[in-house]
Amino acid sequence: MYAYYYESSLYDLGYWSMMKEDRLGMTVTSGSVIIKKDANNLIGISIGGGAPLCPCLYIVQIFDNTAASKDGTLQSGDELVAVNGQAVKGKTKVEVAKMIQAAKDEVVINYNKLHADPRQGKSLDIVLKKVKHRLVENMSSSTADALGLSRAILCNDTLVKKLQELQDTELMYRGLVDHCKRVLQAHVDLHQAVKAMGDVFSALAVREPQPRASEAFRLFGEQHRNMEKIGSEIVKKIKPVLADMGTYLYKAIPDTRLTVKKYADAKFEYLAYCLKVKEMDDEECGYAALQEPLYRVETGNYEYRLILRCRQVARERFAKLRADVLVKMELLDNKHVQSLGGHLAKLIKGLAELHTKTLELLAGPPLFPVEVDLSNSAFQYKSTTPVVPADTEDEEQEIENGIEMRENQIAPLIEDLPSPSIECSIEDATEVQPLIPDLEPTHNEPDYSAMDNMTLLSTLNLQDNNTNFKDSLNLISDLNN
């Protein structure tokens, strides 16, 4: 009771008039606006300040989808000067609220617009509060309560949790796109090899002298070239599918993920300003309970009004990004559900078409086996470079032709030695030079031509051998004949 009398007496004495407003470098401009009430007789604002603690009344919050919100003139932190031409200075916020409700259809409000830069309110305290909310985001309610951390309602936001699902979808699409690229690249390499094989068979067809084999080679090479053409056409049809999947992977998903991150940052910033407003409200209540004056309140509470403006800006940004995230997530889910099945169907259909056309191409009249003469003259193609036959080929040709080699046709091992002749006489053989010239013979060689048959046999030690006597005579007779 005494405190109320003391405060009232101070107000009556003009105590507030002696306190100079501390605007913290911000400026204000005056203006007025006419706001039509809704069906509930409300304009959609909440009021703070006023007697007996604050010398001015100001707008704390503009509610969404209300008359004041749709008009857009008034903002959080603006000072209320008059309502329907009646000044509100020195009145309580309850009295000003009754003045607004007393108006019938519309309300004329005079105000002082606060020109505040939101960057001015983004202090180190706000940054630390954002970090705190990021940590609490991944905690359960019990863990946050055990650590003594306040957990805001928006921390249970499902959109932020969908970011992990979006990352899983991105990994799945990345693996799918990489696999499809490898499959198509393998088909391209296979078609190039098939084309090269067709070129080889076409070259064989040109050089083959036999008409039946040449035609078979030509048709077989043409089939391989047509296989390469069919494969190239199918690859061109499938490429747009990969391009569409690549657009979804490299553009749609990263853009949505970036939007979600911006949305999360705006949400944490909005929660940080909400927490700051709550701390300042608790501070005012604490000083009021102790009946102690608070400097910022007595000087117009501009610091509090700056935080209110920053909170409104952060909330508008948060609401806008939330709407963008909802739209993009919905479009992304629809494209993921609808387009993925269509893309896979087109891919499988293209590969099946390639397989079918290839089978139809090879299902024509049988070209093989063909009768090809594999003799040496069949593949003797004209060449610009001379071919030198090897010795081994001559030997193999002789063996193949079955030519009999006689002893008298064997080449001598040493070319310098004269080749012996079968027709040489015994006298020519006796004229052969000795192997060792200096060595004198121990006995003279007998003259076998002057001996008769008995003497020759006796000399050869054959006269006592009765068994071979007749044979020896026959042999000598044959030699003489």
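This passage walks through the fold of one protein chain, from the whole chain down to a few residues.

The model is predicted, so local features need pLDDT of at least 70 and side-chain atom pairs count only at pLDDT 80 or more, while totals for chains, interfaces and linings use all residues. Residues are numbered from 1 along each chain as its sequence is written, and side-chain values use heavy atoms, with hydrogens and water left out.

Start with the big picture. The chain has 15 helices and six strands (DSSP runs numbered from the N terminus: H or I of at least four residues for helices, E of at least two for strands). Of its 481 residues, 31% are buried (under 20% relative accessible area with a 1.4 Å probe, protein chains only; exposed is over 50%, and partly exposed lies in between). The chain exposes about 32200 Å², and carbon and sulfur atoms supply 56% of that (Shrake-Rupley method, 1.4 Å probe; for residues, only the protein chains shown count as cover). Take the contacts (heavy atoms within 4.5 Å) between residues at least 6 apart in sequence: 73% of them join residues at least 24 apart.

Helix 6 covers residues 124-137. The buried residues of helix 6 are Ile126, Lys129, Lys130, His133, Val136 and Glu137. Seen down the helix axis, these buried residues fall within an arc of 125°, so they line one face (the arc is that of the directions from the axis to the C-beta atoms). In general, an α-helix has 3.6 residues a turn, so residues three or four places apart point the same way. On the other side of helix 6, Leu124, Leu128 and Leu135 are exposed; Leu135 counts as exposed because its relative accessibility is 53%.

His191 sits in helix 8 (residues 158-207). With a relative accessibility of 8%, His191 counts as buried. Leaving aside residues up to four places away in sequence, His191 touches Met227, Glu228, Gly231, Ser232 and Leu354.

Gly85 belongs to the loop between strand 4 (79-83) and strand 5 (86-87). At a relative accessible area of 68%, Gly85 is exposed. Gly85 and Val107 are 22 residues apart in sequence, and their C-alpha atoms are 9.7 Å apart in space.
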